[in-house]
Amino acid sequence: YSNAMGQKDSKPRSYSLNSNEINDVARDTNAKPQDIKNILKAFAKISSPDGKVTKADFKKIIEDAYGGGDSTITRMILLNFDQDGNNEIDFREFVMAMQYMSTSSSLLDAIDTAFASFDLNNDGGISREELRAVFRSQKRMNKYIHVFKRQKPLQEINLDPRETVDCHDNADKCFDKVNKAIPEKITKEEFKAAVESDAELRAEFQKLLLGASEGKEIFSSPAKK
């Protein structure tokens, strides 16, 4: 970038919003203007000047934050942020995802987000294997946070055979408990009906939500290698 004298600016332009635009985003996302300003600071560090972050760039940010990555966790986070599926994350999507991940969201308040997170191949249904993968990844994340205290890279944390079997058993119980029109998939409507009517099933799915513990990791210091 150059100024009127033809000299290069010392700092590249970063994405910014004026007060009216901040208020507009706050209104559209049900967030407070001050929260928007705080989120904007984080977003400006990673976005292009026109307010976009490519999915590839954001994938690297996620993996750097956790010291490597878990493909399912990465996919779940990307689905949270890239809500329209266009392989870019704009500021409104970023705000909505950060609001969701920085609070203790109730599953009933985040059914669409939860379903999109579990539908890993984005085909409109949750398969048994997708749900098993989500349960395995959440167990690895739990060990990363509570057992290894974020000091061991996520990519180096594995499940032992017993943990894997337990994850699959729990996933299968949840999958089989949902009333399905076809045996292989849970549709969004079936997922919504199940979590609204079955408190036990809702509690199990609630445990799988990416929340505050995972969300804050993305913009904190990377795990020690």
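Asparagine 30 is exposed, at 73% relative accessible area (exposed means over 50%, buried under 20%, partly exposed in between; 1.4 Å probe, protein chains only). This is a predicted model: local features need pLDDT of at least 70, side-chain atom pairs count only at pLDDT 80 or more, and totals for chains, interfaces and linings use all residues. Residues are numbered from 1 along each chain as its sequence is written, and side-chain values use heavy atoms, with hydrogens and water left out.

Asparagine 30 is not a glycine, yet has a positive phi of about 60°. It lies in the loop between helix H1 (19-29) and helix H2 (33-46). Helices are DSSP runs (H or I, at least four residues), numbered from the N terminus. Arginine 150, also not a glycine, has a positive phi of about 65°. Its place is the loop between H7 and H8. Arginine 150 is partly exposed, at 22% relative accessibility.

## Aromatic contacts

The count is twelve aromatic pairs. Rings of Phe, Tyr and Trp (its six-membered ring) pair if their centres lie within 6.5 Å; planes under 30 degrees apart are stacked, over 60 edge-to-face, and the rest tilted. Phenylalanine 191 and phenylalanine 205 form a tilted pair, 5.1 Å centre to centre with 55° between the planes. The pair links distant parts of the chain, 14 residues apart: phenylalanine 191 is in helix H9 (residues 188-197), phenylalanine 205 in helix H10 (residues 199-206). Both phenylalanine 191 and phenylalanine 205 are buried.

One aromatic cluster is formed by Tyr15, Phe43, Phe58, Phe81, Phe91 and Phe94. Elsewhere, the charged end of lysine 180 sits over the ring of phenylalanine 175, 4.4 Å from its centre (the rule: NZ of Lys or CZ of Arg within 6 Å of the ring centre and within 35 degrees of the ring normal).

## Second largest pocket

The second largest pocket has a volume of about 250 Å³. A pocket is an open set of points on a 1 Å grid over the protein atoms alone, where a 1.4 Å probe fits, with protein on both sides within 12 Å along at least five of seven lines; lining residues have an atom within 4 Å of a point. Helix H7 (128-147) and helix H8 (161-177) are the elements that give two or more residues to the lining. Among the lining residues are Phe135, Lys139, Glu163, Asp166 and Cys167. By class, the lining has three nonpolar, three polar and five charged residues.

## Cysteines

There are zero disulfides (a disulfide is a pair of cysteine sulfur atoms within 2.5 Å). Cysteine 167 is buried, at 6% relative accessible area. Cysteine 174 is buried too, at 4%.

Definitions and conventions:
Grid points are joined across faces, edges and corners, and a volume is the space filled by probe spheres set on the points. Ala, Val, Leu, Ile, Met, Phe, Trp, Tyr, Cys and Pro count as nonpolar, Asp, Glu, Lys and Arg as charged, and the others, Gly among them, as polar.
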